[in-house]
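Please walk me through this structure, with attention to how the chains meet and to a few individual residues.

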Amino acid sequence: MAKPKGILNTGGPSRAFERPSVPSTVILKRLWKYLSHEKWLLVLAIVLSVSANLLSLAGPKLSGYAIDAIKPGPGLVDFDTVFYYTKYMLIFYLCSAVLTYMLSSLMVQLSRNVIYRMRRDVYDHLTKLPVRFFDSRATGDILSVLSYDIDTINASLSNDLVQMFTSIITVTVSFGMMLSISPQLMVIFAFTIPFSILFTRYRSRKVRPLYRTRSQKLGALNAYAEEMTGGLKTIKAYNQESEFIHRFSERNFEACESNYRADCFASMTGPTVIFINNLSLALISMLGSLLYMTGSITLGNVSSFVLYSRKFSGPINEFANIISELQSALAAAERVFRLLDEPTESADAPDAITLDQVKGAVALKDVCFGYDNQVPVLRHFNLEAKPGQIVAIVGPTGAGKTTVINLLMRFYDPDSGCISIDGHDIAHVTRKSLRKCFSMVLQDTWLFSGTIFENLAYGKENVTREEVIQAAKAAKIHRYIQSLPNGYDTMLLDGGSSISKGQKQLLTIARAMLLDAPMLILDEATSNVDTQTERQIQEAMLKLMENRTCFVIAHRLSTIQNADQIIVLRNGAAAECGTHDQLMARQGYYSQLYRAQFDTADCDH
Amino acid sequence: MKTILSYIRPKVPIMSVQLFIKFLGTVLELLLPWMLSTILDDFVPAGETSKIYLWGIMMIVCAALALASNVIANKMATSISKDITLRLRQDLFTKVTQLSASQEDFFTTPSLISRLTTDTYNVHQMIDRMQRLGIRAPILLLGGITITMFLEPVLTMVLVATLPLLACVVWFVSHYGIQLYTQAQAALDQLIRKAQESMTGIRVIQALSKVDYERNQFDTANRQVVVRERRASLLMNITNPVMNLLLNTGLTFVVIVGAFRVNQGITEPGTIIAFLSYFTIILNALMMVSRLFVMYSKGAASGRRIAQVLTAPAEMLQEKQLACDLTANPHIEFDHVSFSYTKVQETVSDIHFSLNQGETLGIIGPTGSGKSTILSLLLRFYDPDQGTIKINGQNLKAYSPDQLHQKFGVVFQNDFLYNDSIGENIRFGRPISQEEIEFASRIAQAGFIWEREDGFASEVASRGSNLSGGQKQRVLLARAMAGHPEILLLDDSSSALDYKTDADLRRALGTHFAHTTKIIISQRVSSIQNADKILVLENGSMVGYGTHDQLMDSCKSYQEIAQIQMGAVE
């Protein structure tokens, strides 16, 4: 099973879910990889399935013997034989039921194992994807792979596989029986079987794109519903309910329509297969009657042939259903595998070293970078920070301040130029050790559903409650936490949607205080914290910054006045650089920015 | 279910036609074995070859008719369920947009999303399958039983005796099965939430090297789903083998009872054989019925969740409007307003201020002091517990939502951007011309839009994740101003702008929006210092109210803030 990774990966990080379809054999092969982990369970399932079905197929035979013992006419019945066979019938049916249940339990076990592994793989893969992936993709779409698509595969695995075994066995046995009864009558199947095969193949070719469109449209609808439900208040405030309802209805219509198209086509299958069966029934009656009249077959034979042909066609009908479910499972698997084929963050360089005992000298030399190739964000950018220095980056929105942070942390890699820490090029440092060197507080705070304590202790292992409380006190959020009904054990629901942005920032500051990384990144860390609180935490912040190389992005220039170095970023390059006093003396852009702070331009003429 | 039924009701006529066609198709199918037995029993012994051909061809015709009617019926069923789902989902979304803010808090956003997606999907499946199998299964079941009744009433009774037992099993399994499935669904929700969180926090997770920790967390959730789903499936899987066993046991007893009756000369062995073949039909029909049952319970559970939203009472009703001058001053008035989210501790208490047309109110105060709540009250997302809020002298409650919300341009904290073009994010569905959008963008200092290759047509990612913090705020500001609103509400909407841009913004606002009444929440004294009135909030109470100069004299909290921020100059 040593297959090269990423067979499906046809060219670059193009949009998932919209690429041309992949041959089912490739998808099946990859699905098999998951199944092959459960090889032994699978073998056991086959054994169970064969025995359960043989037992139940023996039932009619036994009942036939019992009925043979019932001689027509009063007082002629051979009760001993009847009881003998009915006893076995009961035993066989009981065993068959037990085996069937064991089999289905086994398949549940098997499919859950596969699904568990698949979800784990998808999640593991997500954690390895570069930040760029998440910046450009709708969360709802990815989540629907984790839930809807994997569920579809699950349903198909746990039901369809068993059904398939059952069908195959029943078909084989009844085929043998029919052949033994009358090879002449089998001629009819030479006519109807190719017919059903042709139909099934035509159908599956036609239906898969329909199913794919359906998944796509449903995904789009779900993503839209998710997005809009998040913005209800804004929609209401602007009185735009009807407009957004209208837009929702367009997507709703498309989703329903594509579903209709797929279902419509799929719903033809059942009746068609039944028709083929009925056709063969009619042909059997005609041909069978003629054969009977020529004396080459008995009437009893005709009737058992009909019975077995029913048994024979039942599973074939079932097969059509299975195939339609398999089709949607394949479409779902395709989406799962496409996600799994998204290129991961490039591996650490083979000669990558682990950063250890970092002093904190950081240098960016001639760095160029753009999120997409056409729009450069940083152009030949240079920066040098000595250990323990505070470097402030200021500049207008969109100048690339946050981009510098993205590059430092290697969330993105520069297009050209070199970034080094203590003289080591970070391209040759393991990402894990690199990121460990920084603690950061970002503008977009992130809290997860869990207790406040868990959220604060998130970055550091084995932290005591005492330490956490100390940090919270320093970040001036302790009092607020205590006012909550459960204090530090209060659950934050829904990413902390119930608390204000400022409080969230204070919590993330407390989290950063618990880390002891040699370098610190503050990206608008206090933009939503009120001034009094900001001043109260200043002492703690200064302590946090002590002996650390710090990168600070802030609009409130008062917070960065005592930086060792202020870099003014404009149009992707360092326009000015120096201390506060030097820059003020230059009378350049910085001094303009600084003065604007006290510019009391008014809003009431 | 009542609510869902009301969606089905208008479709009853067409559904009856569909069911009738389906009925015809099924009956035609049931006729085929009978025709076969006629050929074998009547024509073959008589050697009537032409009749064999005739009836054979009739069988094929019947089969073809059955095909046609089944295909037509299925298509109709799909179309009917499509129409119902379309309307149901549409109404649900409409209702969701109409929920009051406290109802929204009650249902929670993720749950509303799953009702809009998963639950409507389940209901759709239910309606669809019910139409297709709902008629076929009972006909096969009843038809099979009726025919066997004619063949041998006593033997049929043996069969029928097993039915109550079967019903018990089905009831028991689906009753407990649904509970177990509900638990499994909850575990799955947990898993999805975990994944969603990890995706939004990917930077932090990677920065703190918590990938392994997150993986473990996910693994726990993943295992939980597996355990619960397995438990549910193991129970549900009991149905089939037990049903088979019961029916086959019945079958065995049919043979035994039949043997006695043949022995007494009441019946023929041939009848028993025919009996057994109809048995298969009945068995299959029963399987279908049990599957229908499961499907129904799943659909019904979802239906209930949808109905909960659809039948949520309309809150925030409109009171009678008083005849008065709707341009009268004061434009906005808060009259001793108190409000609490939890009804335990007041979030804001005794808020009191008034603003004339074109005036500006600045609100400043620490994090969590209730600043945003004032805006929520003014937008009537919530009704105050005490006091009244008036616009142009008319109580807020007397305005229709349309009337009220037309007045505002708002930027909330963490406001909402969605996947569409920048222009559309600013237009926000309103009939606003491109010139106005560009004008508003210029005032909002959003020059960056013109620098983009596609300008206003460039795409915004979901939640605006491809824009920087400052760019997001500018787009949002442009949105608020593009409609030339009567009232502009800005909640900390320039925190990500540098001071210079902020100042330019204020200057432009003052020039072009002089007649707009503005309420500005900010952390920066410079942003509000020239406001006509400034409200200083602390723990939900007003600790200061007046102009900058007045407050500098009288309000200690305000002095403190101002000193820290502007100390360098004064």
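**From one arginine to the interface**

A:Arg247 sits in helix α8 of chain A, which covers residues 241-294. The model discussed here is predicted. With a relative accessibility of 12%, A:Arg247 is classed as buried, because the class takes in residues under 20% relative accessible area. Leaving aside residues up to four places away in sequence, A:Arg247 touches A:Tyr224 in chain A, and in chain B it touches B:Tyr418, B:Asp420, B:Glu424 and B:Gly429. The contacts of this arginine therefore involve residues of both chains, with heavy atoms within 4.5 Å counting as contact.

These contacts lead to the interface between the two chains. On one side are 177 residues of chain B, in contact with 161 residues of chain A. Together the chains bury about 15,300 Å² between them, and carbon and sulfur atoms account for 65% of that area. Of the area that chain B buries against chain A, 5% is supplied by B:Met199, B:Arg203 and B:Tyr499, which is more than any other three residues supply.

Charged pairs also link the chains: there are 4 salt bridges between chain B and chain A. A salt bridge joins B:Arg215 to A:Asp124, and its closest N and O atoms are 3.2 Å apart. This pair qualifies because the cut-off between a side-chain nitrogen of Lys or Arg and a carboxyl oxygen of Asp or Glu is 4 Å.

Next come the cysteines. A:Cys264 is buried, with 6% relative accessibility, whereas A:Cys577 is partly exposed at a relative accessible area of 41%. How many disulfides are there over all chains? The count is 0. A disulfide is a covalent bond between the sulfur atoms of two cysteines. For a pair to be counted, the sulfur atoms must lie within 2.5 Å.

Two helices of chain B complete the tour. Helix α6 of chain B spans residues 153-200 and contains B:Val160. This valine is partly exposed, its relative accessibility being 27%; the value falls in that class because the class lies between the 20% limit for buried and the 50% limit for exposed. B:Val160 is 15 residues from B:Ile145 in sequence, and their C-alpha atoms are 8.3 Å apart in space.

Helix α3 of chain B runs through residues 49-98 and includes B:Ile57.

Notes:
Residues are numbered from 1 along each chain as its sequence is written. Chains are lettered from A and ligands numbered from 1 in the order in which they are written. This is a predicted model: local features need pLDDT of at least 70, side-chain atom pairs count only at pLDDT 80 or more; totals for chains, interfaces and linings use all residues. Side-chain values use heavy atoms; hydrogens and water are left out. Helices (H or I, at least four residues) and strands (E, at least two) are DSSP runs, numbered from the N terminus. Buried means under 20% relative accessible area, exposed over 50%, partly exposed in between (1.4 Å probe, protein chains only). Buried area is the accessible area (1.4 Å probe) that two parts lose on being put together, summed over both.
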